[in-house]
Amino acid sequence: MTEGTTSSAAEGADTLTRLEQEGEIAADYLEGLLDIADLDGDIDMDVEADRAAVSIISDAGGRDLQKLVGRDGEVLEALQELTRLAVHRETGDRSRLMLDIAGYRAKKRAELSELGAKAAAEVKSSGEPVKMKPMTPFERKVVHDAVKSAGLRSESEGEEPQRFVVVLPA
């Protein structure tokens, strides 16, 4: 092993340790929140795409957890930001942690990937750009990834909260 390889491996291990620490801090914060709200849920932690990922899941079908998702994921987004702030308070570093509750974000990711693929197919057949409806940053990221995997490119346009994706011809 060369010195550069050793250094890269150490940096990767440091990053993984830091992300695992973020997940543990987030899990503690969320467990406290679940206790206060008197809701049942289990916390699952992982590291995905260079960010900590924390999920709250329930054996009881997640009906109670839907309160923490809210309409169109609004409560989930707010809880994610609060959790990121809790991690920042403990570590001093900005967190890019992703929170999922009762599988909402995973299901949304699948729907958005399909939507992005359909938009890409439409652009391929028509040769014309397609403007999509306004989306959250998470939603736009999923659509951008789907469009990229379909071999096209996309851009975000507009100002929050009306920012949207435009899928462009090759």
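Predicted model: local features only at pLDDT ≥ 70, side-chain atom pairs only at ≥ 80, totals over all residues.
Residues are numbered from 1 along each chain as its sequence is written, and side-chain values use heavy atoms, without hydrogens and water. Local features need pLDDT of at least 70 and side-chain atom pairs count only at pLDDT 80 or more, whereas totals for chains, interfaces and linings use all residues.

View 1. Helices (H or I, at least four residues) and strands (E, at least two) are DSSP runs, numbered from the N terminus. The order of elements from the N terminus on is α-β-β-α-α-β-α-β-α-β-β. Along the principal axes, the C-alpha atoms fill a box of roughly 55 × 50 × 30 Å. Of the 170 residues, 34% are buried (under 20% relative accessible area, with exposed over 50% and partly exposed in between; 1.4 Å probe, protein chains only). Among contacts (heavy atoms within 4.5 Å) with a separation of 6 or more, 55% are between residues 24 or more positions apart.

**View 2. The hairpin of β1 and β2.** Strand β1 (residues 42-48) and strand β2 (residues 51-57) run antiparallel and are joined by seven bridges; two strands pair if DSSP finds at least two bridges between them. D46 has A53 in β2 as its bridge partner. Two residues lie between the strands, and A49 in the turn has a positive phi of about 50 degrees.

**View 3. The open sheet β1-β2-β3.** The pairing of the three strands is mixed. β1 and β3 (98-101) are at the edges with a single partner strand each, so one side of each has no neighbour in the sheet. From one strand to the next the twist averages 20 degrees (axes are lines fitted to C-alpha atoms, for helices over the stretch in contact, and angles run from 0 to 180 degrees between N-to-C directions). β2 and β3 run parallel and are joined by four bridges. S55 stands opposite D100 in β3. Strands of a sheet pair through backbone hydrogen bonds, either parallel or antiparallel.

View 4. Not counting residues up to four places away in sequence, E22 touches A52, V87, R94, S95, R96 and L97.
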